[in-house]
Amino acid sequence: MGSMTGMEFLTPLTGSGVKRNGKPDATMTRNGVTAQKLKHLELLLIEPWPIRVGADRGLPTATPIDILVANPASFIVQKLLIQNYQSLDKQAQDILYIHDTIELFGTSLPTIRNLWDTSIRPTLPATFARSVTMSAADTFADVSDVIRDAARIPQDRTLSPERLRATCQLALSGLFQS
């Protein structure tokens with residue numbers, strides 16, 4: 001996946017995500033660097049958050065540097081929009097990412113809601129904005145096999161499928177309400 005001291009390289013996925021030979025069109029390589037192709041990558045570039053990293057955070061740099069990371073709202077929206085394009089394993093992983101993002105930034109839910117309302121939703125076609133709210137509601141309406149799979153992923157903690165579902169349903173219904 002193009003990892004280099006924890007970095008992952010990404011590039012936009014255009015088209016169906018399937019090559020003419022029927023194989024997934026998941027990565028590209030240029031000059032020895034492999035990048036994962038992602039649908040709706042542009043969402044991750046809306047109002048990124050700066051983070052200072054350096055030796056104190058395990059990055060071997062002489063001086064700290066600022067990097068930009070996707071804000072939590074963009075991250076969650078992108079994960080919701082790509083659910084139907086992913087394998088079941090990837091769907092489970094993305095559901096866990098959504099849950100963990102909500103848990104990590106739970107005290108920032110008003111900020112995340114504001115990012116959705118003022119910066120992300122206005123950039124989306126109306127059909128995509130509806131898809132986000134529908135995906136959030138549908139994905140977390142009931143405990144599904146994918147949610148059960150997501151709850152089994154963490155090795156460092158016990159997470160019940162119902163708790164994962166309820167946490168996401170409650171938070172996302174508040175974030176995406178009209």
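Reader: What makes asparagine 71 a cap for the N-terminal end of H1?

Author: A side-chain oxygen of asparagine 71 lies 2.9 Å from the backbone nitrogen of alanine 73. Helices here are DSSP runs (H or I, at least four residues), numbered from the N terminus. A word on the source: this is a predicted model, where local features need pLDDT of at least 70 and side-chain atom pairs count only at pLDDT 80 or more, while totals for chains, interfaces and linings use all residues. Residues are numbered from 1 along each chain as its sequence is written, and side-chain values use heavy atoms, leaving out hydrogens and water.

Reader: Why does lysine 79 count as buried?

Author: Buried means under 20% relative accessible area, exposed over 50%, and partly exposed in between (1.4 Å probe, protein chains only). Lysine 79 has 9% relative accessibility, so it counts as buried. Aspartate 94, at 2%, is buried too.

Reader: And how do you know whether aspartate 145 is buried or exposed?

Author: Its relative accessible area is 56%, so aspartate 145 is exposed. Its salt-bridge partner, arginine 148, has 33% relative accessibility and therefore counts as partly exposed.

Definitions and conventions
Polar contact = N/O pair within 3.5 Å; in protein donor to acceptor, adjacent residues only side chain to side chain. Helix = DSSP H or I, 4+ residues; strand = E, 2+ residues; numbered from the N terminus. Salt bridge = Lys/Arg side-chain N within 4 Å of Asp/Glu carboxyl O.
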